[in-house]
Each structure stands twice: as structure tokens, then as C-alpha cells.
Amino acid sequence: MKKFTFKGVLDGFRSSVSQQPRVDQEIVETLRSEHFQVAKTFRHGFPFQPTALAYDPVQHLLAIGTKSGSIRIVGRPGVDCHLMHPDTNADPAAESLGLGGGSGSRAVIQMQFVLNEGLLLTATADDVIHLWNFKQKRPEVVHSLKFQRERITAMHLPLQSKWIHVGTERGNVHVVHLDTFTLSGYVINWNKAIEVSRKTHPGPVVHLSDNPVDASKLLIGFECGQIVLWDLRGRVAEMRWQGPEPLRSASWHHEGKQFMSSHGDGSLATWTARVSYARPASHIYPHAKTNKDGKLEPCKPIQKMEWKSSRMGEPYIIFSGGLTYDKAGRTPSITVIHGKTTTVLEMEHNVVDFITLCESPWPSDFQDPHAIVVLLHNDVVVIDLLTPGYPCFQNPYPMDVHEAAVTCCSYLADCPSDLIPAFYSVGARSTQKRTGFSEREWPICGGLWSPASCSYNEIILTGHADGSIKFWDASAGTLQVLYKLKTAKVFEKPRPRSVDSGGGGGGTSGVNGEDDPFAIQLISLCPESRRLCVAGSGGQVILFKFRRQESVSDTWVLEIPITYEVYEEGAVGDFITPEGDFPTPARQAAISTSRPESADGSDSKNKKGGDCGLKVRMGQQKKPSGFQAHLVCLTPWVDGHPPSPITALAINSSYGLMAYGNEVGLAIVDMVQRVCLLSVGTPDLYGAADPYQRVPRSPKQLSSGFGSSFTAMSSATGESAAVADVGKERLERWEELEEQGRCRSPSGDQINGLCVSSTAGKQNITGSTSSPRRPEAVKRSKSQDKLDSSFSRSRSSSMSSLENISSEAIQCLVFADSYTKKSEPTTSPTLWVGTSLGSVLTIMINIPPPGDPRLTQPVIVSPCGTIFRLKGGILAMSFLDCNGALIPYSYESWKDENKESRIKTPTKPSTANTRTSPSSTPTQGQSGGSSGSSGAASWGGPQGSQGQSQDGNSGDRQFVVLVSEKQARVYALPSHSCVYRQQLAEIPFVVKAEVVSLRDSVCLVSYISNGHLAAYSLPSLRPLIDVEFLPLADLSFQTTKQGIVDPMLSIWGQQMFVNEDTDQIARTFCFSNRGHGLYICSPSEVQQFTVSSEFCASMPEMVAELFMTEEMPEAPKESFFKGLFGGGIRTLDREELFGEASGRASRSVARHIPGPCATSVSGTNPSSSTPPSSSAAASSSIEGRNPSSPSTAPSQMDQLNARAGSVSGEVWRAHQAVVERGEKLGLLEERSQRMMNEADNFSHSAHQVMLKYKDKKWYQL
């Protein structure tokens, strides 16, 4: 007999129940920490706040120094190198992490090239002289000398000399050896240079130069106007002159007999070198005018002048400033005096510095100037001196990025290959050839750059404050403008608003401090369909379509109010608007808001489209080739108050939809039928499950009439009766559809595409307000609401359901084929919405079939309520398939509408694109077997393809990656289970985050407010790197409030600013595929960077060569008679004069600082260079440590690596010196051979002359 036991009964029960087999899928993640290396790659644009200029006439290179301590060296187009001075006052370890002192202390005050030697001397405001070596592709600082007692005011290196003359604020002149950067014992003290009878200090040294024909004579100019000609051999002042006014600059004539000085009263004085007179030989005021009293009008100082001689005619006198103080003198200018002709060249910006480009680098020869390089405050201008009228050269450098302030950026790496030629063709067609420029070649032609073959294209889009968008080709490390789009042409010129206009609502023409309502806030480009969606600061959203040919067409306009108000009980009357739905596209071309009329029958001012702040040009408009405006969505003003700024924007060409949101709600627009599908406040997306209690608004806005949760609209004609009929007709139609069961939205009802939430009640259909919510006892101001909602990241770890919330901004929008319910067997079109409070909501989209149904049948949208909640505002959302690969999104391929109709194309299996930029090759099917895998993510669930179910079981077939300001989570769909989570920031917050493709895989890259750059593998969110990258304070120039310290964060020593927060910084900070990224590093510069070690390895091939082996031009030949009578060039043995015989200098005067060793962060600073032998040590400081590793390298190992790197660096430098010496010896041998040949020729010629005149008498000659 079988014995029954309790265990047997349970086993039998388990066997009788069919269990679904669980298949554990292992996702192999191929990315490792070794694949990441953070490095700043290329910098483009105009150097911000320039201070100094230098030019090498042999290498044909131009250097520009800035106030922040950076240097840009440019040559021919493509040759562009950025350097950054090290902070000599900071700790080396802190400097390697970018934590040095203020950039203002490193401002470049003077620069000078060591001619044809590949060296550059710079003097900075922290009293340090640096020697840069740019013979290699990555220049580096060889030596630095810091003056500890005196401030540097002037610097001069004579031609082919190894000794530098340094003038100081105390009036002394020191001598520094170029090779060793040691101070000589030879010092020219100010009290020995001036006259004995002078009782006052002469002031700082403002000018130093040697006599062109006598190297032993040094000209010293003091600020007070005292000029001294110092005899270096005799150690005495040979000549002294006293200028009439403070001295600004001086310049020698090439013969060395005279020099000219410029002064603070706008005068030019000419002095004779060998005669010490109290008065100059000539004293003129080039721009002074005689007034009625017969006196000269006062003039501005002549800051700099140059005296250049010409072999072909009169010399050139070139100077800046000197104009009178009247209206004409307010314009910055450069004056050119050539003979009796005086030409004033007006400049658009203030002149910072200028340099005259000459044919000969020898100061004792005729210079023959041919161009002037003028450094302005916001531009670089090169003037052609050889062409009549002195026209300018057309600048080939991309230095007009800041033509209007950059307000947002978009970076597309690995974009379609036909996109750049298309943009270039329309850009070249629309840009007419500018006239008035010189036809000669660009004179700055140094360096060597060959375009590296890049397997993918890169495009950068920059939005500007004037409403323009520039498309740049950023492939192969260069930046070239392709096309410029002006969105302001879509609108009529706005009328300036007075202070008391708009019903007393502030009256600013812009939004959030923007003076220009056309300022670009957000850009969304679908590169495959070539559709561009742009959001402006005036609340406008414009949809552009790309066409190769010009066209004449109308621009559709939709006026869509997005508002949500919660009023106190009894504050709102039961008023009902007659409208109930949107008109069909066939009935009207423009839609405007309808508001209840006043008692006297007059409409509110907001009823007109012009009250949106902007008015679109109506009627047939001629549109040039390129992006042409197709649809404009305007957000109306409410009681004179401007609309909230657009905070999120998304477009999907396959769906034919675009969505945008602001601080209070969301709008979805059908681009095909040109109608608004949804205009809803953010709280109504929750339905009945709203976790927050909303703070009531002020009752003064009740007259706006936008109290309904889902805003209703009417016709633009303003006919109330017709609108009422339309609303009634639509309401009846909706009731019929409801009876037929065609509206199956689980969370709402539909009226021709307008979703009405089931929790809102039917009264919302007719436009009445939502049911009033219970007011809170304590109300908050608008600023407090914004601070608590948008900056919850820095104050609270979570949001309580009892917190008072007045607004919830839409921060992230993503269209995707995904799941909204746990029981869904297949994917469907959805819109995922991320808010500033950390909520993620979904909206189901029912799209009619392609063809005629898509043009006639409405698109149904249905909010599904909240699904997920994270800490902090949502920043990014992305979808992965079951293999962990990025899911390609569907799009519509671009077709020329003039030739053939568009063809709707499904998802390309060969391209996987992220939300921000196109990615590279697909990453599907990345399973085990990879030898380079570093981790695997395991998760349970049946393995199936996207959009298909297995045996009717709804297993997980997708991952959704949600990133907020505090954390990141990975959810499996459709089960909605959280499989991975990672805390991205505790005290700080994430500024920007994006899921990008890298090395045939995907990862999450984030920039954190503490300056770190972190990367995580997907889907496991395994930390890969976390390195110091860029202090957030360096980007604070983009915000309205700079340098504010959050008291909550200052406790932990975090110096951060809390303002309209970092939204503006996030708009200009971009991540893209293949590990690329960019940010606006200054108001006029764009900095690219990478996190890919593979790209860092290929960087040397893309960087241009700065130094080229050039032969020094031949020195001027000395005349026989000048040499005979002692008028020739006199040399000076400086080694004997300034060397050991001069004694030793005091150690307290200056401190020698050796160049940075190989352990510096070469990846994070493009200016630093790393020898090949020490690349491992350098890369170790760039690559982030793996947070998942059990321990980090000890400090002793770091010190050993540093020592090894420094030794290898010294060996590498010694090797470079040997190579350079060999090259010089080779050149010397060639010159010796040439001299021998010339000597033989001369001997032969002399012998022939001797034979010819051998037998002739003296009187026969």
C-alpha cells in the first residue's frame, strides 16, 4: 500500500501545475575601462578676450594669447593648435586635475616667436615667462621662470640671440638665457639708466628693442616718457630723451639712425639716435584738428605704432588710436601713413594689438610690408597693403561662431554620408560671393595639414540668440560652416514692447532675460528625413523640411496654449467656452486660442495671433533652398505674461509627430495633418493617480480662460457661432464613436485625436475648468516653486506626496515602439515623457495606416499615467533590445518632394540611432564568445525578438534606461521590473547624460556638477570610469547668475551656483556617438572632447604639423663703403657679456620652474605634450579608475610612475635635441658647400677681371 506523506502531496501538487520554463539570458558587455580615455581634442572659434599677438615671418604662424592664459597658434587652413598655460602657483597634482588658480592670473601680456626655431616665448600676468616648444605636434612648456620680487611689463628677444631682455614694473631690465632659463648677473637698474638730476621714478618699462645695426645698443622706454639708449658693453646710458607725454611704444628705422615713439596725447615723435636733444626731430599729431581758438583738439593715445621701410618707395607708418575725442573718434581704427597719404581704416571692435607682416625678418633690411594683422576684441582682420584701397582678406578660419551668442548645440557623429554634401550645396547656393575682399592668397600659410580619412561624418548645429542656426562640418578635426538658417525670417519684425505694455505684465520682449524672442532654445534634427524642429525663447516651435530647390508656399500656423491652473475653492465661476475640439485641417490653415468675451463684448487682446509675442508672415512666401518652414506652433501670452520656455522637444518622422513641453504642460502635434493632438497640463497626465498636491495659483490670472486641464481651441476667424456649431458637431461625433466602441483608450476618451482623461470628467470637453483642488495653507512664490522643483536634486533625496507643487516641467521626450502595459504582447508607438519631479509617463499613440487613411483619419493619443519615478528630474531615456543593443528607431527616408513622393521606410537594420545623433553599425546579436568581454549581465525571461511573443507568453523583450539628476535605472519591459540601478550622484547632481554607442556597444555617459565625467556599461550600469574633467564653475558664464554658492552645498565645501540652474549649460553640452562630445568653453569658442581611447590613439594622425623645416632668409648684404667707414652692422658677443663673467643673479629675484613632466594630464589639456616613451604614464592620469575594482594603485606606485615618466621624458628630449642638432649640422654642411661654390665663382670672376685690365694703364680704365 502506497504511503501518503505531506511531502508527496506537495510534490504531486507542484507536478500538476505547468510552470513556464525560465531561461536565464546572459548579455555580454564588451566595454571595459581600458576602452575609455577622456581627452579634449579640438577647439574652434575665436579666442575669447584676446590680449596679445605674435607672428613668425619665416614659419608664417600666428599666435593669439588670451586673458584666460590660453594660446591659439594658427597657420594655413586646418592648422590650429590650442595651448593652455599651467598654473605655476597651484599644486602639480591639483593642476593635473584642472584645479588650478584663477585663469585671470595667467593672462598673456606679451608673446614673441623665436624666429624659425619652433619656440614661443610668453609672458603672463602672474610674472612668469614661459618657453613653448612646438616642433612636435603637441607643444609643451620647456621652461618657466617666475619673477618673485618684480612684475613683468616688457620682453624682447633680439634676432638670433640666446638672451632675453625682461623689463619690470620697477624700471629694471633683467637678462635671461634662452636655453637654460637662468637669470644673468647683468642687470640694468633704473637709477643708472635715468639722469642723475631726475628726482622721480621713471615708472615701468614699456618698451625694449635693440638697434638694428648695432646689437650693443638697447633702447629702453619708460612709462613717464623717458627714453634711454643703453650701451650694453659700456654699461652706461649713451643717450637720453624725454618725451612730451607718457610713452606707449617705439619703433626703429631699419638704418638704426632714427626711431619713432608714440605717446598718450596722440602724437608721434621722431628722434635721432646719435644726438641727445631735449626736443625730438619731429613731433606731429596725425589726427589733431584745430578748434576755433587755434588750439589742437585733444586726441586719444596712440597705443602702438610701427615704422616699416619699403624698397619700392616711401616708408609705412602704421598705428592704432590717435583719433580725436569727438564722435568720429569713438570708432576703433588703424591708420596707415604712406608718404603723403593718410588712410584711416575703421574697425568694428576695439583694437587689442596688431602686427605688420613683412617680407624680410631682418630689422636692418628693408622690411617691405605687405599685410597687417589686426587683433580685435571679437575678430581677427588681415589688411592687404599691396592692393589699392587696403582691402581685407577673407578669413578662412571658423572664428565667427560667436557672430551671435550661442544658446544651444546639437552634435551628430556618424550621420548619413549624403547630409554634408546636401547642406554644403544649399549653403553655397544661398551664400553669394562677398565682394570687397582682397584677391591675394591668405598670407598666414604656415604648418602642414593633410585631411585624415575619416570613416564617418560629423555635424555640429549651433543655435544662436538672433534666431539663426549654423550647420558645421566637424569631420577630421576641422570646423567648416556648411549652411546658415535664419528662423527670424519666418516671422514679422516684432514691435518693441514698452514697460507698461501687455496689461502691465512686465513688458519684456524676450523670455527669461533673453532680449531676442528668436533665440534658439532647443534643436531636434532627424537626419534621415531631414526634418528640423526648432524651439525659440518666445515659446515658438518651428518645423522645417529640407528641399533642394526654392519654393513659394504658405506656412501653417497653430496657436496652442499650454497651461494648467489650480484655483482656490469658490475663486472660479462656472463659465463654459463654446468650443469643444480642434477644427480639421481642411477647414482652416491657422488655429488660435479662444477666450471668453468680456461683458462689454470686446475680446481680450490675447485673441489675436500677434499677442503670442510673434507673428508669422502670412500668405505665399518665397523660401530659399534648404530648410523651409512648414509649420509654426505658437504659445500665446496669458494676461500679458510671456509663456513658459520650451524645455523639451522631440520629433519622429515615421510617426509624423512632434512633441514639445514647457514648465507646465505638453503638446503633441501631427505634422502630416497639421493639427494639435494634445495640449495638456502635466498634472493631467497622471489622471487620478497624481501623487502631488498642487499649490493654487493667484486668482489674478482667472481672466485668461485657460483653466481647463485639456485646452480647447477654436477657429482663427473668431466667429463664435461657427465655433459653437463645430464644437457641437464634434461632440455629437464623439458620442457616436463612443457608442460604437471605437475609442478604446484605457485612460481617456478621444475627440478627433484630442484625448480627454477619464478622471477629468466630461465638463472638460466643453472647456470648463477642472474640479478645484483643496488649497494648501501655505503658498509659495513662483521663484520658490521653481527652486524646489527644478533643484530638488540638491536639497532632498525624494519627493513626498504631501509636498506642495505648483509646476512640473517636461524635461525629456522620446518617441519609441515600446510597451505600456505588463500584459501587452507586442510593441506599439508611444511617447515617453520625463518630468522635472522624476516621473516617467507614457502616452499611447494610435496611428492610421499609411496612405490616404493617414491623411484623413485622426491620430489617437491616450495618456497612460505614471509608470516609474526616480530621484531628481529626468534627463535621458533610451531603449535597448533583449541583447542589450540600442534599438534603432523608425524614420521616414528623405525624398525630394519636387521629384518623387516620400516613401515611408521601416527601421533600417543596418543603422541604430540614438535620440540625439545617429550611431554607427548595429550592435544586435552581441552574445558570448567575445574574448574581450569584461562583464556579463544576467536577467530572467524568455528570449524573444522585439515586438513578438513566444507561445503567448509576455516575456521581457526590451530594456528602458531612465536617467535622472541623481540616479539611473534599467527596467525590463513589459514586466516593468527594475533589473539594474545605479546612484549617479549623492550631493552633486547630473548636468547632462546620454546613452551613446561606442565600439559596437552602448554605454551611459554623464557629466556631473562636481566636474566629473562618468561612464557606465549597459544594461548592467557597471561603472567604467569616473574622472575629473571640467569644473562646473568654468561654464557659469552661460548663466544669468554667476558664482552663487548654495548654502546647502557649501557645508561640504562644494562651490556651486544655484540659479535658473544648469539648463543653459545642459543645452550647450552634448554627447554623441563613438564617444564624442562638445561644450561651449567660452562665449566664442567650442571645445570638442572624447571618451574613447581608440580615438585618442588616432589623434596624432589628425593633428597638423606646426613646425616645418624652413631656410632662414639671407641676411642683408653689407655695403662696401659702409663697412669701410664703419657704418655697417656691429655684432655683439652676448655670451661673454651676459654669461658667467657677469656674475650670478640673486636667487630671490626669480625662480626657475622646469617644464611639466610626463605625468601631466595630456589628454585633458591639448596644449600639453607627452613623449612617446611616457605615454603610458600620461594615459594613467587620464583614464578613470574602475569604481568596481577592489582597490586602487598605492601612492608609492604613482610616485614611481611619475619618476619613470620624468626620466623617459628627459631621454626623449635628449633624443629630440640630438635629432635637431643633426638637422642643423646637415643644413650647415649644405650652406658650407654653397659658400664654397660661391667662392669659386667669385675667384673665377675676379681672375677674368684681372686678365681684362692687366695691361691697361690707369687712364685707360
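Which side chain is joined to that of Glu-892 by a polar contact? In this predicted model, the partner is Arg-531, at a distance of 2.8 Å; a polar contact here is a pair of N or O atoms within 3.5 Å, where within protein one atom must be able to donate a hydrogen and the other to accept it, and residues adjacent in sequence count only if both atoms are side-chain atoms. Glu-892 sits in the loop between β55 (874-881) and β56 (935-940). Helices (H or I, at least four residues) and strands (E, at least two) are DSSP runs, numbered from the N terminus. With a relative accessible area of 12%, Glu-892 is buried, a label that stands for under 20% relative accessible area, with exposed meaning over 50% and partly exposed in between (1.4 Å probe, protein chains only).

Residues are numbered from 1 along each chain as its sequence is written, and side-chain values use heavy atoms, with hydrogens and water left out. Since the model is predicted, local features need pLDDT of at least 70 and side-chain atom pairs count only at pLDDT 80 or more, while totals for chains, interfaces and linings use all residues.

Salt bridges come next. The whole structure holds 24 salt bridges, each being a side-chain nitrogen of Lys or Arg within 4 Å of a carboxyl oxygen of Asp or Glu. One of them pairs Glu-1085 with Arg-43, with 3.8 Å between the closest N and O atoms. Arg-72 counts as buried, at 1% relative accessibility.

Another salt bridge joins the side chains of Arg-311 and Asp-365, at 3.3 Å from N to O. Arg-311 lies in the loop between β23 (302-310) and β24 (313-321), and Asp-365 in the loop between β27 (351-358) and β28 (369-376), 54 residues apart. Arg-311 is partly exposed at 48% relative accessibility, whereas Asp-365 is buried at 13%. Elsewhere, salt bridges that share partners join Arg-43, Arg-72, Asp-80 and Glu-1085 into one network.

In one, four strands follow the order β3-β4-β5-β6 with antiparallel pairing, where two strands pair if DSSP finds at least two bridges between them. Its edge strands, β3 (50-56) and β6 (80-84), each pair on one side only. Neighbouring strands of this sheet are turned by 20° against each other on average, direction ignored; the axes are lines fitted to C-alpha atoms, for helices over the stretch in contact, and angles run from 0 to 180 degrees between N-to-C directions. Six bridges connect β3 with strand β4 (residues 61-66) in the antiparallel sense, and Leu-53 has Ile-64 in β4 as its bridge partner.

The other open sheet has four strands in the order β11-β12-β13-β14, also with antiparallel pairing. Here β11 (152-156) and β14 (183-188) are the edge strands, each pairing on one side only. From one strand to the next, the twist averages 25°. Strand β12 (residues 163-168) and strand β13 (residues 173-177) run antiparallel and are joined by five bridges, with Gly-167 opposite Val-173 in β13.

In soluble globular proteins, nonpolar side chains tend to be buried together. The largest nonpolar core in this model has 34 residues; such a core is a set of buried Ala, Val, Leu, Ile, Met, Phe, Trp, Tyr and Cys residues joined through side-chain atoms within 4.5 Å. Phe-423, Phe-471, Phe-491, Leu-532, Phe-544 and Phe-627 touch the most other members. Helix α4 (residues 419-430) gives the most to this core, with five residues. Leaving aside residues up to four places away in sequence, Phe-423 touches Ile-459, Phe-471, Leu-482, Tyr-483, Phe-546 and Phe-627, where contact means heavy atoms within 4.5 Å. Another core, of 27 residues, lies apart from the largest one and includes Val-991, Val-1005, Leu-1035 and Phe-1071.

Finally, Gly-1143 is placed in the loop between α13 (1134-1138) and β67 (1150-1154). This glycine is partly exposed, with a relative accessible area of 34%. The C-alpha atoms of Gly-1143 and Ser-184 are separated by 7.2 Å, although the two residues are 959 residues apart along the chain.
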